Amino acid sequence: MSDNVVTRFAPSPTGYLHIGGARTALFNWLMARKTGGKFLLRIEDTDLKRNTPTATQQVISDLRWLGINWDEGPEVGGPNGPYFQSQRREFYDKYVKQLLEQGRAYYCFETAQELEKLRKQAEAQKKGFVYQRPAVFPTQADVEKACLEGKPITIRFAMPQGTIEVYDLVRGAVSFNTAELGDFIIIKSDGFPTYNFACVIDDRLMGITHVIRGQEHLMNTPGQQALWQALDFGDLPKYAHMSVTISESGGKLSKRERPQTLRRAIKSRPDIYLDKLADVGGINMEQLKEFIAGDKMPDMPAVETMAKYLGVELPEINVSDFFKSGYIPEAMVNFLALLGWSTGEQKEIMPLDELIALFDITRLTKSNSLFDRGKLLAFNTEHLKMLSKEKLLAHFKAYLKAVDSPIAQADDELMLRLIKICEGARTLADIEHKCRFLFIADDKIEYDPKAVQKVLMKDNGLAMLKIVREKLEAMPELTEQGIEDMLRALAEQNNVGLGKVAQPLRVAITGITVSPPIFDSVQLLGKQNTLARIDNTLKKFRA
């Protein structure tokens, strides 16, 4: 294939990078890297009402975390900038003027209410709404009159009549009847272009040769193709529309799942003080009420902060969610690459260089792909084993900082030991969860009620803990081997399994039933802290 391949990822900054968007970026990036071509990042930020202030930077940060670097775009530059559509008005104005002069576009003055009425009429007649093109296009005088009357002024593209055939690299030839598509808006009443218009102009000016995107964009393609040809832009880009990724519940993996989960939780709990919740989220009461009603979405940090305050666990949907859940980018990229693409190989666990070498756009699949979280977890477990200790340490430190873990205060040597004694962990969160007890004050340990009931309150757990305390206090030095020998001997003397001796000790020093090996845990915690925590436990549960 030619090394002149140019692909792009063009997210809209209306939210964080969705996992489906990350897959789109990855396939475009793999295509460029496999062919020696170029990969561009373009921010499609013309929807001023829906853009959120943190989204653009988060998208950039998430792409960099995944290892998807761009040859042109924000923070990199290049000959085809600007790379924010909101800064490219002059290009759109030039080409819309050309379409108007050619009679291929025309002005419209309907209000949102008038258009909604027409849609409802079509719905009542059980027809799809198609805008009726006027017999005579409005003149410049009509535009000036509408402006004086305060009417909204938009511009629509006059779709050619007949059939448009789109050739898709995944689905082959797909035909569309333009009578069912209608004339669509290309310039909104605020003067900014719509997605369908701006992406055509930018793809042409930026030299995009291949457009790889989700299946939901297939319906946009005939209109974009007609625009391309109306502007006499020459050879069309090659289109490839990826299959839909569905969640385990059967529906499309949607970015709305996170705010919807929080909204349901708020509605189900009438005892919530809404003014306090709004304050926690950094929004006002009006914004909170609009969110609860489903009318508007606050910025994602506000959603996450409110969810944390209420103890609501949000599903992982965005790339940043998986990062904060302790997944590593090598596993995410490997997993995403196999959603809707077949390598043709038997094995599935592969590093990035293998994925690039094997990438073939003709192997994209038509059938929907399942976002299997169990499989992702298995991929993450395997990739954790494959990483060098330096790379794993870097990922662990970044994760600890992101989740504000007390372990972040540890030095590199200690962190490497924690990673080593948690060998076999499925995620970085597993390591953090098991080891955070080492960095918490002795009197701040929080006990899991189930662990207390199951381990300490049954089978003489507290009595065994007293004996373990005496043995530990008598030891001149706490070494892993010495602790192991003592605990095993105690189990043998009492004719019980090691767990009956070790688990009460584990719950006493950690508050939970999981930790690194108990011998390492006690040795790392130290004699003074271990005895203090045992004493606190015995006192708290009145042994």
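This is a predicted model: local features need pLDDT of at least 70, side-chain atom pairs count only at pLDDT 80 or more; totals for chains, interfaces and linings use all residues.
A pair of aromatic rings is described by the distance of the centres and the angle of the planes. For phenylalanine 27 and phenylalanine 359, the centres lie 6.0 Å apart and the planes make an angle of 45°, so the pair is classed as tilted.

Tryptophan 341 is buried, as is phenylalanine 359. Elsewhere, a cluster linked by ring pairs contains Phe322, Tyr327, Phe335, Phe371 and Phe379.

Charged side chains over aromatic rings were also identified in the model. Arginine 89 is positioned over the face of phenylalanine 192, 4.7 Å from the ring centre. The ring of tyrosine 131 has the charged end of arginine 156 over it, at 3.7 Å from the ring centre.

Arginine 156 also has a bridge partner in β7, namely isoleucine 185. Strand β4 (residues 154–157) and β7 run antiparallel and are joined by two bridges. These strands belong to an open sheet of three strands, in the order β3-β4-β7, with antiparallel pairing. At the edges of the sheet are β3 (105–108) and β7 (185–187), each of which pairs on one side only. On average, neighbouring strands of the sheet are turned by 45° against each other, direction ignored. Helix α3 (residues 89–101) packs on this sheet and touches β3, β4 and β7. The direction of α3 makes about 95° with that of β3.

Helix α23 (residues 518–525) is mostly covered, with six of its eight residues buried. The buried residues of α23 are Ile518, Phe519, Asp520, Ser521, Val522 and Leu525. Packing by these buried residues involves five helices named here in chain order: α17 (412–421), α20 (461–474), α21 (480–493), α22 (498–510) and α24 (527–540). After α23 comes glycine 526, which has a positive phi, near 95°.

Two further helical positions were examined for accessibility. Aspartate 202 is located in helix α6 (residues 195–205). Its relative accessibility is 0%, so aspartate 202 counts as buried. When neighbours within four places in sequence are left aside, the contacts of aspartate 202 are Arg42, Gln85, Arg88 and Tyr92. Alanine 293 lies in helix α10 (residues 285–293). With a relative accessibility of 52%, alanine 293 counts as exposed. The C-alpha atom of alanine 293 is separated by 29 Å from that of proline 193, a residue 100 residues apart from alanine 293 along the chain.

How values were computed
Residues are numbered from 1 along each chain as its sequence is written. Side-chain values use heavy atoms; hydrogens and water are left out. Rings of Phe, Tyr and Trp (its six-membered ring) pair if their centres lie within 6.5 Å; planes under 30 degrees apart count as stacked, over 60 as edge-to-face and the rest as tilted. Buried means under 20% relative accessible area, exposed over 50%, partly exposed in between (1.4 Å probe, protein chains only). A charge sits over a ring if NZ of Lys or CZ of Arg is within 6 Å of the ring centre and within 35 degrees of the ring normal. Two strands pair if DSSP finds at least two bridges between them. Helices (H or I, at least four residues) and strands (E, at least two) are DSSP runs, numbered from the N terminus. Axes are lines fitted to C-alpha atoms, for helices over the stretch in contact, and angles run from 0 to 180 degrees between N-to-C directions. Contact means heavy atoms within 4.5 Å.
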